[in-house]
Each structure stands twice: as C-alpha cells, then as structure tokens.
Amino acid sequence: MSSKVSDDLLPRPAKFSRRGFVGSLSAGILGAAATEAAGAETLADVPDRSPGADLGAHSERSRFVKVDRIPEATPGKRNIDASDAINSKTPHQKLVGNITPTDLHYERSHSGVPDIDPAQHRLLVHGMVGKPLVFSVEDLKRMPSITRIVFIECTGNGWENWKKADPELTVQNTHGLVSTNEWTGVPLKFLIDLVGKDKGSNWMLAEGGDGAGVDRSIPLTDEIVNEAFVAYGQNGEPLRPAHGFPMRLVMPGFEGNLHIKWLRRLKFGNAPWMTRWETARYTQLLANGKARQFQLRMETNSVITQPSGMMQIQPGYIRISGLAWSGHGKIAKVEISTDGAKNWKQAQLSQPVLSKAQVRFQMDWDWDGKPTKIVSRSTDEQGNVQPDRQSFIAAMGTNALFHYNAQQTWSIDEAGRVRNVLA
Amino acid sequence: MFSHDKLLLAGLFIVGLLAAPALAFDFGRPATPGEITLWDIDVGPDGKGLPDGSGTAAQGKQIFADNCAACHGENGQGGIKDRLAGGQGTLVSSMPVKTVGSFWPYATTLYDYIHRAMPYPAPGSLSTDETYAVTAYILSLNGIVPADGKVDRESLPKIRMPNRDGFIPDPEFDPAKLFRKK
C-alpha cells in the first residue's frame with residue numbers, strides 16, 4: 001500500500017482504494033497533519049464508535065484538518081513575519097465548493113486591523129446632498145437589507161507571475177487574493193435617497209476608519225448605484241474585524257480596494273479625488289511607461305485548484321477542479337486543456353452560477369503518466385474570454401503589478417509533480 | 001447622549017410626519033456642520049479641502065528626519081518602506097521605480113495622504129503647517145520645489161508634477177467622458 005494518503009478534503013472514490021490510491025492528490029508540503037497516519041485497510045480497522053466531546057458554544061475544525069491563510073507581502077516576499085505582511089491569502093488548494101470559509105477569506109489591509117467598538121462607530125454621509133446624515137450600526141441594521149454572494153478580489157491577485165513563475169508556488173501563493181462570501185447590508189441606493197443626493201453628483205468618495213483612512217473615488221454609474229451596498233453581515237454573522245467590522249462597502253465585480261472596510265464616510269461630489277490609492281498605487285504601469293487609471297472592474301478569471309502547484313499526482317483518474325469568476329457577470333463556461341492549451345474540453349459548473357461570484361468547475365481526466373501541462377480558461381456571459389499569457393503580456397507588459405488575469409498553467413512532470421509555470 | 005438621540009429621533013419623527021409624505025419614519029440623525037468639518041479631510045486635485053497654513057522645505061527637513069526617515073530613508077530613499085524620491089526616467093524600464101517624483105500625478109494627493117495616513121504609528125499627528133512643510137520637503141527631494149521653497153493652499157494645486165500626463169484612463173471609467181451629457 002502506498003504510504004501517501006489523499007488530502008483529507010479530497011476523498012478519493014472508494015472503488016480506487018484497492019489500487020494503491022491511484023489518482024489521489026497529495027497536498028505536498030502543505031499536507032494535513034493526519035496524512036501520514038495509518039488509514040483503514042478494512043472496515044475492521046475503523047475505530048469503534050464512542051461518546052464524543054461535550055457540546056460547545058461554537059464549533060471548531062477537526063483536529064485532523066489544517067487549513068490556514070498565509071500572510072505575505074509583495075511578489076516574492078513570502079515566509080515573512082506577520083508584522084511585515086500586507087495581505088493574507090486563501091488556501092484554495094484545500095477548499096471545496098463555491099463559498100470561502102469566513103476565517104479563510106483573503107485579507108488586504110493597509111494599516112492593520114482596527115479594533116472598533118460598534119457602539120462608537122459612525123458613518124457620515126455628506127457632500128452634495130440635501131441633508132447630511134450620521135448613521136450608527138444599529139441605524140443600518142434597522143434599514144431594509146439585501147443579501148448577496150459575491151467574490152472580492154485584490155487587484156494584486158496573480159501578481160507573483162508577472163515577470164517569472166516560481167516553480168515552488170501553490171495556488172494559495174498565486175491566486176489566494178480572491179474569495180467568495182455572502183454579504184448582508186443596506187443598498188447604497190437607499191442611503192442615497194435618505195440624504196437626498198444632488199443630481200449633479202456622480203462621484204462618491206468612500207473612506208475607511210483604519211489608520212490609513214483608505215479612500216477611493218467611486219463613479220456612480222447605474223450599475224454601481226444599483227448593486228453596491230454597505231454590509232454589516234458576512235456569511236450570516238457580523239463582519240469579522242479583518243473584513244471591515246462593523247461595516248464595509250461591497251462593490252460587486254470591482255477592485256477589492258473599492259470595498260472600503262471599516263467604512264466611516266461617504267462623500268458625494270462631481271469629480272474623482274485622485275487619492276493616493278487611485279493614482280500612485282492601484283494603477284497599472286504599461287510597457288510604454290504610461291499607467292492605466294480607473295481600471296476598476298475585475299476581469300474574467302479562473303484557476304485550477306486541484307491538482308495545483310506543489311501537489312503530486314499518480315497516473316489514472318484525476319478529478320480536475322477549480323474556481324472561475326468575472327466582474328462582468330456570470331461565468332458562461334470554463335474550458336480545460338490537459339495538453340498545454342492545444343485541445344480544450346468544457347468543464348462542469350457547480351450550481352448555482354451567480355453573477356460576480358466564484359463558481360466551482362470540474363472535469364474528469366485520465367492521466368497517462370506523460371509530462372504535460374494543464375490550464376483553464378473562463379468565458380463570461382458578456383463574452384469576455386480569459387486571455388492566454390502571451391497575448392495578455394503583449395497588451396499589459398510586465399510592470400503593471402495589478403489586474404493579472406492571464407490563464408494559469410500548471411506543469412506536470414513524469415513523476416507527477418505539479419508546478420507553477422508561465423505557460 | 002442616548003436620551004438626546006432619542007429626543008432627536010422623536011423630533012425627526014414628528015417633522016417626518018409633517019414634511020415627508022413618502023416615509024413616516026427616518027434613519028440616522030442630521031450631521032452638524034461642526035462635526036462634518038472634523039471629518040471632512042479629503043483634498044481634491046483642484047486644491048479643494050486644503051486648509052490655511054504653509055510650510056517650507058527647509059522646515060520640513062527636520063520634521064521628516066524626526067517622523068518619516070526611519071521608514072522612508074534619510075532622503076526619501078533606501079528605507080524599508082516606499083521610496084519617495086528619484087526614479088525619474090525608469091518607468092519604461094524593466095525595473096520601474098515609482099516615487100512621488102517619478103510617478104505621482106498631483107501634489108495635492110501628497111498633502112492629503114500625509115495628513116490622513118502618516119506618520120504610520122500616529123496618522124494625523126502632524127500639524128497643518130508641519131504637513132505642508134513635509135510635503136514641500138518631499139517635493140524638494142524630487143527637484144519639484146526649490147530647497148527653500150514654500151507650499152500652501154494656493155501654490156500646491158498649481159504645481160505641475162513631472163508625471164502629470166503619465167496616466168491613461170480606462171475607457172469604461174474615464175472621468176472626462178463617463179457622465180458627459182450626450
């Protein structure tokens with residue numbers, strides 16, 4: 001019997017168990033602690049049932065499950081002290097389904113995580129309005145609310161691969177800055193009506209209550225006015241501090257930085273403010289030395305999460321699985337190539353497929369044991385196709401730093417080692 | 001505070017009944033001009049929001065050394081955090097250096113950012129004049145204002161940054177075209 005046991009989150013089909021774990025996925029260096037423990041060869045090896053632990057006020061993960069975010073900094077800066085981290089990435093290689101667990105939702109914070117007492121938090125809404133108002137958290141909770149599942153993605157997602165592909169990277173390193181949660185809150189439109197926004201106001205400044213006072217100018221297009229909301233709920237509970245407690249802006253389909261956390265001010269005006277974040281930071285430097293500004297929408301994207309970087313596979317049945325998303329709307333289809341982007345097959349999408357939310361895709365594959373490359377590409381309902389690396393770099397250059405959505409290729413060598421490559 | 005809010009809410013409720021035909025209830029409370037001033041810190045590229053006061057690059061040198069150099073380096077270079085000076089001419093290279101001098105399009109953003117976010121351990125702790133002075137000093141490190149230069153609410157928006165024309169708006173959200181009447 002092979003000494004490797006499959007990832008605890010990826011149980012293999014029972015019919016393969018007698019074939020030495022053919023097709024099982026090992027999580028490599030990130031494997032769960034329990035992966036080296038003995039399995040159950042026959043039903044007689046399964047431990048007897050017995051009374052379990054006392055019931056608690058909340059439930060913890062099994063001690064056999066090890067899933068963690070990893071704090072990182074700019075490209076190439078990994079395994080760093082938490083005090084030097086600027087983001088913390090979602091472990092997509094260990095997750096299933098469409099929704100990211102709340103505590104594993106990625107985080108990008110610009111001045112740490114403030115410790116805010118909701119009783120002392122206020123939201124000021126002012127500027128070009130009829131009556132400027134101050135709201136408490138309780139005020140918001142009394143208002144009509146909406147609940148929506150959306151992805152939020154840092155524009156830095158994918159930034160490790162602009163210039164080169166470090167073969168040691170996992171999908172957590174390459175694509176851990178996107179997550180999908182269910183958010184609950186008050187439609188922006190409702191607040192706009194309460195304060196009586198001037199018709200002449202078509203830009204809004206949203207500002208956070210963190211040390212950096214992160215602020216962004218938001219164009220009040222019909223789409224944004226109709227879809228943006230101020231959230232106080234996340235997966236059914238109050239927001240976690242890392243994600244903006246007690247309230248944040250949610251901007252479905254748009255740059256993570258626009259989803260202002262710890263929201264404390266909305267100001268209505270008629271031109272962008274040219275804040276540091278929309279000039280010096282989240283702009284994309286092109287090959288000609290000019291920077292693209294106000295590229296606010298997140299592009300059509302996808303990535304194979306199983307098998308992915310640093311895993312090891314064996315010949316035979318492999319279930320390829322991954323995530324796709326688009327800031328333009330719903331994902332229409334995901335195609336997978338298992339021969340280095342020569343031939344493509346359509347993958348299955350897990351229902352429901354929601355607008356501006358991540359969707360799980362999967363496809364069966366029989367690996368013949370020969371070295372190859374696997375890659376996914378998504379197409380959204382507007383017809384936007386995720387670009388291949390070569391045409392993407394031809395358009396954006398290699399200095400843009402943000403908005404990387406080129407197809408992600410994983411190479412597989414004759415030993416079944418899965419590694420990050422550019423194409 | 002609680003009873004005051006309650007009174008205010010009761011007042012709003014009555015006013016609401018009299019004045020607003022659509023809603024017989026209301027949310028939040030009116031913001032007073034005084035408290036709006038307290039939080040209304042943003043500065044636009046036209047200089048709107050800049051306060052009275054001024055500072056010189058010479059004054060800023062010492063303030064920078066005391067509050068900024070630990071992270072940003074002696075002359076805005078070589079620190080552990082963002083480089084603030086130099087880098088002009090590197091934006092088309094394979095190793096672009098984005099600094100205030102080489103990349104930032106508006107000098108007003110510098111005042112806004114220092115005032116709202118810096119120094120990192122105590123954002124907003126510099127006085128208005130100190131903030132102007134540090135702004136002038138960082139601009140002087142980039143040769144944008146002279147070593148004895150002074151900035152204030154009049155002069156800052158008039159400064160033409162070297163990379164002012166270095167940005168191309170995304171076609172979908174180009175501020176110059178987005179809400180223009182057809």
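**Note on the contact between chains A and B**

1. In this predicted model, 42 residues of chain A are in contact with 35 residues of chain B. On the side of chain A that touches chain B, the elements giving two or more residues are the strands β4 (123–127), β5 (133–135), β9 (215–219), β13 (263–269) and β15 (291–293), together with the helices α1 (137–142) and α5 (276–281). Sorted by class, this side of chain A has 19 nonpolar, 13 polar and 10 charged residues.

2. Chain A has an open sheet of 3 strands in the order β1-β2-β3, with antiparallel pairing. Because β1 (70–72) and β3 (107–108) of chain A each have a single partner strand, they stand at the edges, and one side of each is left without a neighbour in the sheet. The pairing of β1(A) with strand β2 (residues 87–89) of chain A is antiparallel and runs over 3 bridges, and there A:Ile70 has A:Lys89 of β2(A) as its bridge partner.

3. Turning to chain B, a reader will find 6 helices and 4 strands, which follow one another from the N terminus in the order α-β-α-β-α-α-α-α-β-β. Of the 182 residues of chain B, 34% count as buried. Among the contacts in chain B between residues at least 6 apart in sequence, 57% join residues at least 24 apart.

Note on methods: Residues numbered from 1 in each chain as written. Chains lettered and ligands numbered in written order. Predicted model: local features only at pLDDT ≥ 70, side-chain atom pairs only at ≥ 80, totals over all residues. Contact = placed C-beta atoms within 7 Å. Nonpolar A, V, L, I, M, F, W, Y, C, P; charged D, E, K, R; others polar. Pairing = 2+ DSSP bridges. Buried ≥ 20, exposed ≤ 12 C-beta atoms within 10 Å, placed from the backbone.
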